[in-house]
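Subject: The structure we talked about

Hi there,

Here is the structure I promised to pass on to you. Please open it next to this email, and then read on for what turned up in it.

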Amino acid sequence: MKVILTPKPINFKLGEYINKGFELLKKDFGNIFVAFLVCCLMSIIPFCGLLAMGNLYKYLQKLNRNQAASPGDIFDFKDFMPYFILQLIVFGGVLVLYIPLFIVMAVTGGMSNNNDNPAVVLFMIPYMFLIIVAIYYFALKAFYITPLISLKGIKDIKEAWNISKVMSKGNLLSIFLFSIVIGILAQIGVIACGVGIFLTMPFLYTANYFAYEDAIQQIEHDEITEIGSKNEF
């Protein structure tokens with residue numbers, strides 16, 4: 001069966017993803033917790049943070065589909081290069097954003113003894129605001145790159161970026177609110193002297209997984225099924 005992707009804006013179901021994330025976490029908390037710890041462990045390895053996260057989503061997909069899955073599967077380096085390239089692009093992009101700020105600070109003496117230079121302040125405040133907006137904008141537009149790499153096997157970062165741009169069109173506010181809500185819920189464990197965060201943080205990944213899984217299903221296109229449907233007419 002040949003399944004191709006037909007990029008289109010996603011019908012983002014914020015509440016559904018949160019509910020399903022909780023349900024999956026309750027259903028198999030032990031295994032998900034262990035997988036989360038393995039993910040944290042792998043993230044210590046340089047340039048493997050995004051890879052570990054992507055592999056965790058693969059694990060959650062298998063778990064949700066009742067397929068054989070082991071937390072050890074997270075130590076899989078098959079997708080290392082796409083994520084390595086993605087991290088280099090992100091690092092380069094952030095560096096480019098900050099270069100004008102560094103130049104202005106250097107020219108006005110902001111890096112030495114003139115930190116109170118009004119020219120620096122007048123430039124820095126609006127420019128820092130623009131940097132934050134730019135980072136959030138590109139992060140939201142790139143929301144679906146991780147599942148496209150890990151769940152659909154797309155290795156070309158440019159292709160994944162172009163597809164993610166289409167999928168997130170008209171959904172930036174919903175994705176932003178979703179990220180804030182699950183972030184707050186995941187941080188609830190901090191109340192328990194910080195230890196409880198290890199019990200709530202896995203929810204961040206289960207909720208994200210369902211957002212990714214649903215989005216992928218919405219853009220999947222079964223070519224053979226469509227040919228069969230056409231033949232019926």
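How far apart are the end C-alpha atoms of helix 3, and what span should its residues cover? Helix 3 runs over residues 49-64, and at 1.5 Å a residue its 16 residues should span 22 Å. Its end C-alpha atoms are 23 Å apart, which agrees. The expected span here is 1.5 Å times one less than the number of residues. Helices are DSSP runs (H or I, at least four residues), numbered from the N terminus.

Before you go further, a word on the model. It is a predicted one, so local features need pLDDT of at least 70 and side-chain atom pairs count only at pLDDT 80 or more, while totals for chains, interfaces and linings use all residues. Residues are numbered from 1 along each chain as its sequence is written, and side-chain values use heavy atoms, with hydrogens and water left out.

Back to helix 3. Its buried residues are L51, A52, G54, N55, L56, Y57, K58, Y59, L60, Q61 and L63. Buried means under 20% relative accessible area, exposed means over 50%, and partly exposed is in between (1.4 Å probe, protein chains only). Just after this helix, N66 takes a positive phi of about 60°.

Some contacts

Contact means heavy atoms within 4.5 Å. The partners below leave out residues up to four places away in sequence.

- F47 lies in the loop between helix 2 (29-43) and helix 3. F47 is partly exposed, at 43% relative accessibility, and touches F80, F84 and Q87. F47 and Q87 are 40 residues apart in sequence, with their C-alpha atoms 7.4 Å apart in space.
- T146 sits in helix 6 (residues 145-150) and is buried, at 9% relative accessibility. Leaving aside residues up to four places away in sequence, T146 touches M53, G54, Y57, Y83 and L151. G54 and Y57 are among the buried residues of helix 3.
- A207 belongs to helix 9 (residues 197-219). A207 is buried, with 0% relative accessibility, and is in contact with Y17, G21, F178 and I182, neighbours within four places in sequence aside. A207 and L14 are 193 residues apart along the chain, yet 9.3 Å separates their C-alpha atoms.

Salt bridges

How many salt bridges does a search of the whole structure find? The search finds eight. A salt bridge is a side-chain nitrogen of Lys or Arg within 4 Å of a carboxyl oxygen of Asp or Glu. Side chains of opposite charge can pair when their charged atoms come close.

One of them joins E23 and K26, whose closest N and O atoms are 3.4 Å apart. E23 is partly exposed at 48% relative accessibility, whereas K26 is exposed at 62%.

Another salt bridge pairs E213 with R65, with 2.6 Å between the closest N and O atoms. E213 lies in helix 9 and R65 in the loop between helix 3 and helix 4, so the pair ties together parts that are 148 residues apart in sequence. E213 is buried at 7% relative accessibility, while R65 is partly exposed at 42%.

D79 and K155 also meet through their side chains in a salt bridge (2.2 Å, N to O). This pair links distant parts of the chain, 76 residues apart: D79 is in the loop between helix 3 and helix 4, and K155 in the loop between helix 6 and helix 7 (157-167). D79 is buried at 1% relative accessibility, and K155 is partly exposed at 40%. Salt bridges that share partners join K58, D79 and K155 into one network.

The cysteines

The structure holds zero disulfides, a disulfide being a pair of cysteine sulfur atoms within 2.5 Å. C39 is in no disulfide, and the nearest cysteine sulfur, that of C40, is 5.7 Å away. C39 is buried, with a relative accessible area of 2%, whereas C40 is partly exposed, with 32%.

Happy exploring!

Note on methods:
Helices (H or I, at least four residues) and strands (E, at least two) are DSSP runs, numbered from the N terminus.
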